[in-house]
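Dear colleague,

Here is the structure I promised to hand over, with the sequence alongside. Please open it first, and then read on for what was found in it.

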Amino acid sequence: MNNAKKNRLKDKAFEWVGIFASVIGILILAIFIGFILYMGLSRLDWDFMASLPSRFAEKSGIYTAWIGTLWVLGLTTLISFPVGVGAGIYLEEYAKNSKLNTLLEVNIANLAGVPSVIYGLLGLGIFVRMMNMGSSILAGALTLSLLILPIIIVATRESIRAVPGSIREASQGLGATKWQTIWNQILPASFGGILTGVILAVSRAVGETAPLIVVGALAYVPFAPRGPMDEFTVLPIQIFNWVTRPQHEFVINAAAAIIVLLGITLALNGVAVYLRHRWQNKMNW
Amino acid sequence: MVKQLSIFSFLALLMFSCGQSPQKDIKIDGSSTVYPITEAVAEEYRSEAPGSRVTVGVSGTGGGFKQFLRGETVINNASRSIKPSEVQLAEENNIGYVQLSVAYDGIAVVLHPDNDWVDHFTVEELKKIWEPDAQNTITKWSQIRPEWPDEEIHLFGPGIASGTYDYFTDAIVGESGASRGDYTASEDDNVLVQGVSTDKSAVGFFGLAYYEENADKLRLAAVDNGEGAPVKPSLETVKDGTYAPLSRPLFIYVSSEGAKRKSVQDFVNFYLDNAGSLATSVGYIPMPEEEYANQQEKFDTFVKEHN
């Protein structure tokens, strides 16, 4: 076998390894989703969405859980969006190459790797106890905001960096100030990417259980929250609570709740894809 | 940017303007073992007192006590008694409390259905299997009783954060929290059910309710405590106390602050009136009627002391 043949063989082999690697991930995901749908789909109906938790699995529902999840989601977005995007703009556009800024950057990168339960403890100490918010939706949302801030900051910086330098130079060449350049050129051009980052970060927050349990989210809440200071429960906690019950019917409930949670995540990701697409077509210099 | 600023000030306003209204709410947290009973009571209480707002968390007995002893909750679900360190904390924070038993739970020792050699364990044998010294030395069934097969023994039990684990080690080994470490541990009892039901040489322990829901996949071992014949856990044997030492009472703790509030008094009275039937419906074992009357008396005295 000559060298060229050998190389072609290696090439082919690597292709197959690659295909195998991609297929195995998708296959496992497909089996998992198929299993969940098979178990839970028949349980999923309007009653299930509109019922309060109950000791009878077949009467039990996720009304307070999905409303709680939407509340937490909304507040988390409201809080983390301005702070994260603001920090991203600062670090990318204004920050000088000082020691302090290097320190900031290293720490933000590291924060993205901190286990989520640690954020829960931080939230418990600062928001729940020191700031006296109690185990409220607001305390939970602030905790989750901290959790996803590093992701938003990194995504913002990446999308700002992707704006061609020539645009910046042209804008400043025409006499625009730095702020005008950012507001009128950079942000519109990078907004699709920023939004995608924010939504992906938020859809990660939707699935978080550990930090919310630490902050004091409850398992049984028989009323829908009316304001950000109310106690709350979320879907992942309801699911967690159900899978640990001895009765098999609760496991079916859990599967149905997982379908709803997957639906919310999928919808968020769909919005992200749509926004990215829309903003990409909008920019024409 | 103006919009974002206004969102900020809106949030800041919310933070400072909205206090909580703890007077109306009945906040409960604590053990996930007691949770199903309290959830059932809270559910029934909705029709009894439609305006009430009862919430229940599942932070675990210890995590629940941390909140309870800071005055953040008024009732704590507990699958064990309060610890000396927690009693001390209660004194420091000036929080009075009363312990009320609400139901019994049996801890089942279970085997694979194909295990045909074990009929019962003595408490001594269970200790020999689970004590810390057994780690890496007791690895075969034949080491426990010579006529049992010369095969490996595989152990399954709840994780060390669980009240069931605390109770089991206390009752069997003689010291709460002391056991060998080389066993398969899970906080989710359904995982233990799965483990024991698929491993012929397995032995495990967990709450009786998990055995009853999976009775077709598991075999129950009787326990001999040296006082008469070996006993299997069941509604009767746990209730009359013959399944010893592996049956335990489950508690709720009510704080003195809670006892001052009419809404909490009503809820606890309702709890004690209905705990027996509701405990049965979620897989636990009710106490005898007179025991609930005793608890009611205990609570009434506590309420009087604090009002």
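To begin inside chain A, across the interface of domain 1 of chain A and domain 2 of chain A the rule finds 0 salt bridges. Please keep in mind throughout that this is a predicted model. By class, the side of domain 1 of chain A that touches domain 2 of chain A consists of 5 nonpolar residues, 1 polar residue and 1 charged residue.

The domain assignment places domain 1 of chain A at residues 3–43 and domain 2 of chain A at residues 48–282, and the contact draws 7 residues from domain 1 of chain A and 14 residues from domain 2 of chain A. The C-alpha centres of domain 1 of chain A and domain 2 of chain A are 30 Å apart. Between them, domain 1 of chain A and domain 2 of chain A bury about 800 Å², with 78% of that area on carbon and sulfur atoms. On the side of domain 1 of chain A, the residues that lose the most area to domain 2 of chain A are A:Ile36, A:Met39 and A:Arg43, which together account for 74% of what that side buries.

The interface between the two chains comes next. Chain B and chain A bury about 3,600 Å² between them, of which carbon and sulfur atoms give 57%, and the contact takes 38 residues from chain B and 40 residues from chain A. Between chain B and chain A, 6 salt bridges are counted; one of them joins the side chains of A:Arg245 and B:Glu39, at 3.1 Å from N to O. The count of residue pairs in polar contact between chain B and chain A is 14. Several elements of chain B each supply at least two residues to the side that touches chain A, among them helix 1 (2–17), strand 1 (25–30) and helix 11 (262–281), while the largest share, 8 residues, comes from helix 2 of chain B. By class, the side of chain B that touches chain A divides into 19 nonpolar, 7 polar and 12 charged residues.

Is B:Glu125 buried or exposed? With a relative accessible area of 10%, B:Glu125 is buried, because the cut-off for that class is under 20%. Leaving aside neighbours within four places in sequence, B:Glu125 is in contact with B:His120, B:Ile144, B:Arg145 and B:Trp148. B:Glu125 and B:Asp224 are 99 residues apart in sequence, and their C-alpha atoms are 9.5 Å apart in space.

With best wishes

Technical notes
Residues numbered from 1 in each chain as written. Chains lettered and ligands numbered in written order. Predicted model: local features only at pLDDT ≥ 70, side-chain atom pairs only at ≥ 80, totals over all residues. Heavy atoms only, no water. Domains from an automatic or database assignment. Contact = heavy atoms within 4.5 Å. Buried area = accessible area lost by both parts, 1.4 Å probe. Salt bridge = Lys/Arg side-chain N within 4 Å of Asp/Glu carboxyl O. Nonpolar A, V, L, I, M, F, W, Y, C, P; charged D, E, K, R; others polar. Polar contact = N/O pair within 3.5 Å; in protein donor to acceptor, adjacent residues only side chain to side chain. Helix = DSSP H or I, 4+ residues; strand = E, 2+ residues; numbered from the N terminus. Buried < 20%, exposed > 50% of the residue type's maximum accessible area, 1.4 Å probe, protein only.
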